[in-house]
Amino acid sequence: MLRDWTGKFLAAGAWRKEGIGYALHAEFEAVLEGFRLAGMLQVRRVIVESDSALVIAVINNYSWDLFEFGLLVEDVRQVAELLSSVHFVHVPRICNGVAHR
């Protein structure tokens, strides 16, 4: 879901992807889809919120090595570099309830 700086709803999306067998894989794909949606709306400053502390830590380049997701992590980082400002933030699952409905 995309919101503006005041929290106002801008857009949301839901995707069905084949070949996703792990929750972590789905989390990384969701970040990439969010970037695509932001790009379509010409949003250049983004705060990515996820209830997966591990995903946020890996993207922020903390010390976890998830070899099987390495290419996805690199895709996320490369797309993030194209934006004016990107922050990756962990939020409690209760704050991210819309994503799980």
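**Salt bridges, aromatic pairs and the nonpolar core**

Glu33 is buried, with a relative accessible area of 9%; here, buried means under 20% relative accessible area, exposed means over 50%, and partly exposed covers the range in between (1.4 Å probe, protein chains only). The model is predicted, so that local features need pLDDT of at least 70 and side-chain atom pairs count only at pLDDT 80 or more, whereas totals for chains, interfaces and linings use all residues. Residues are numbered from 1 along each chain as its sequence is written, and side-chain values use heavy atoms, with hydrogens and water left out.

The chain contains three helices and four strands, which follow one another from the N terminus in the order β-β-α-β-α-α-β. These elements are DSSP runs numbered from the N terminus, helices (H or I) having at least four residues and strands (E) at least two. Of the 101 residues in the chain, 33% are buried. Among contacts (heavy atoms within 4.5 Å) with a separation of 6 or more, 68% involve residues 24 or more positions apart.

Five salt bridges are present in the structure, each defined as a side-chain nitrogen of Lys or Arg within 4 Å of a carboxyl oxygen of Asp or Glu. One of them joins Glu29 to Lys17, with 3.4 Å between the closest N and O atoms. Glu29 belongs to helix H1 and Lys17 to the loop between E2 and H1, so this pair ties together parts that are twelve residues apart in sequence. Glu29 counts as buried at 14% relative accessibility, while Lys17, at 35%, counts as partly exposed. A salt bridge also forms between Lys17 and Glu33, at 3.0 Å from N to O. Because Lys17 lies in the loop between E2 and H1 and Glu33 in helix H1, the parts tied together are 16 residues apart in sequence. Glu33 additionally forms a salt bridge with Arg36, whose closest N and O atoms are 3.0 Å apart. Glu33 and Arg36 are three residues apart in helix H1 and therefore separated by about one helical turn. Arg36 is partly exposed, at 44% relative accessibility. Through shared partners, these salt bridges join Lys17, Glu29, Glu33 and Arg36 into one network.

The structure also holds three aromatic pairs. Rings of Phe, Tyr and Trp (its six-membered ring) pair if their centres lie within 6.5 Å, with planes under 30 degrees apart counted as stacked, over 60 as edge-to-face and the rest as tilted. Tyr22 and Phe69 form an edge-to-face pair, at 6.1 Å centre to centre and 85° between the planes. This pair links distant parts of the chain, 47 residues apart: Tyr22 lies in the loop between strand E2 (9–11) and helix H1 (23–40), and Phe69 in the loop between helix H2 (53–59) and helix H3 (70–81). Tyr22 is exposed, at 59% relative accessibility, whereas Phe69 is buried, at 6%. The pair of Phe35 and Phe88 is likewise edge-to-face, because the ring centres are 6.2 Å apart and the planes stand at 70°. Here, too, distant parts of the chain are linked, as Phe35 of helix H1 and Phe88 of strand E4 (residues 85–90) are 53 residues apart. Phe35 and Phe88 are both buried. Ring pairs also link Tyr22, Phe28 and Phe69 into a cluster.

The largest nonpolar core comprises 22 residues, and those with the most contacts inside it are Phe28, Phe35, Val86 and Phe88. Such a core is a set of buried Ala, Val, Leu, Ile, Met, Phe, Trp, Tyr and Cys residues joined through side-chain atoms within 4.5 Å. Two or more residues of this core come from each of H1, strand E3 (45–50), H2, H3 and E4, and H1 gives the largest share, six residues. Apart from its neighbours within four places in sequence, Phe88 contacts Val31, Phe35, Val48, Ile56, Ile59, Asn60, Val76 and Ala80.
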